[in-house]
Amino acid sequence: MKNALVAYYSASGCTRRIAEAIAKAVDGTVFEIAPAQVYTDADLNYRDPASRVCKEHDDVKLRSVALKTVTPADFDKYEKVFVCYPIWWGIAAWPVDTFVKGNDFTGKTVLPVATSAASPLAKSGELLKAMAKGGDWKAGIRFASGASDKEVADWAKKA
């Protein structure tokens with residue numbers, strides 16, 4: 001499906017791998033949701049209350065993460081958009097919020113794809129849908145960090 005976009009934010013590389021497996025399975029285009037200020041390992045230290053993610057978690061106003069590019073090239077041509085993200089505190093990593101809020105998904109089928117070692121999908125897809133402009137948002141899926149490329153590809157081909 002050449003009219004599929006696979007947009008992803010990945011903090012550790014796991015979500016990138018899942019996104020690339022989806023793109024390969026559906027012959028889609030990959031778009032990285034890249035924060036203007038990259039998260040360092042120290043920024044991602046969930047155990048340190050002084051870390052960037054902990055501060056952003058505690059103060060919703062800090063979660064408006066600027067992106068290098070909000071809208072992918074030729075965004076209008078895509079009919080299906082996979083939005084891939086890690087789960088942070090039970091919701092989508094907040095750089096994904098900026099991507100979702102910054103684009104109009106009207107006329108597109110949107111599939112939330114979460115990754116996590118242990119956290120469930122929870123309401124992350126529903127929350128993204130609520131902040132989005134348009135789109136036919138489908139039920140999301142959560143892949144474990146160690147999901148095989150075959151497992152991901154089998155799902156993506158049916159999605």
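## Basis

Residues are numbered from 1 along each chain as its sequence is written. The model is predicted, so local features need pLDDT of at least 70 and side-chain atom pairs pLDDT 80 or more, while totals for chains, interfaces and linings use all residues; side-chain values use heavy atoms, without hydrogens and water.

## Aromatic rings

Rings of Phe, Tyr and Trp (its six-membered ring) pair if their centres lie within 6.5 Å; planes under 30 degrees apart are stacked, over 60 edge-to-face and the rest tilted. The count by this rule is 13 aromatic pairs. One of them joins Y46 and W89, which are edge-to-face at 5.2 Å centre to centre, with 70 degrees between the planes. Because Y46 lies in the loop between β2 (29-32) and α2 (52-58) and W89 in the loop between β3 (80-88) and β4 (91-92), the pair ties together parts 43 residues apart in sequence. Helices (H or I, at least four residues) and strands (E, at least two) are DSSP runs, numbered from the N terminus.

Relative accessible area is called buried under 20%, exposed over 50% and partly exposed in between (1.4 Å probe, protein chains only). Y46 is partly exposed at 39%, and W89 is partly exposed at 37%. Ring pairs also place Y46 and W89 in a cluster with Y9, Y39, W88 and W94.

## Helix α1

Helix α1 covers residues 14-26; its 13 residues should span 18 Å at 1.5 Å a residue, and its end C-alpha atoms are 19 Å apart, which agrees. The expected span is 1.5 Å times one less than the number of residues. After α1 comes D27, with a positive phi near 55 degrees.

The buried residues of α1 include C14, T15, I18 and V26. Its buried residues pack (contact: heavy atoms within 4.5 Å) against β1 (4-8), β2, β3, β5 (109-116), β7 (141-144) and α5 (149-158).

## Largest pocket

A pocket is an open set of points on a 1 Å grid over the protein atoms alone where a 1.4 Å probe fits, with protein on both sides within 12 Å along at least five of seven lines; lining residues have an atom within 4 Å of a point. The largest pocket is lined by 17 residues, with S12, Y46, P86, I87 and W88 nearest its centre. β3 gives the largest share of this lining, three residues.
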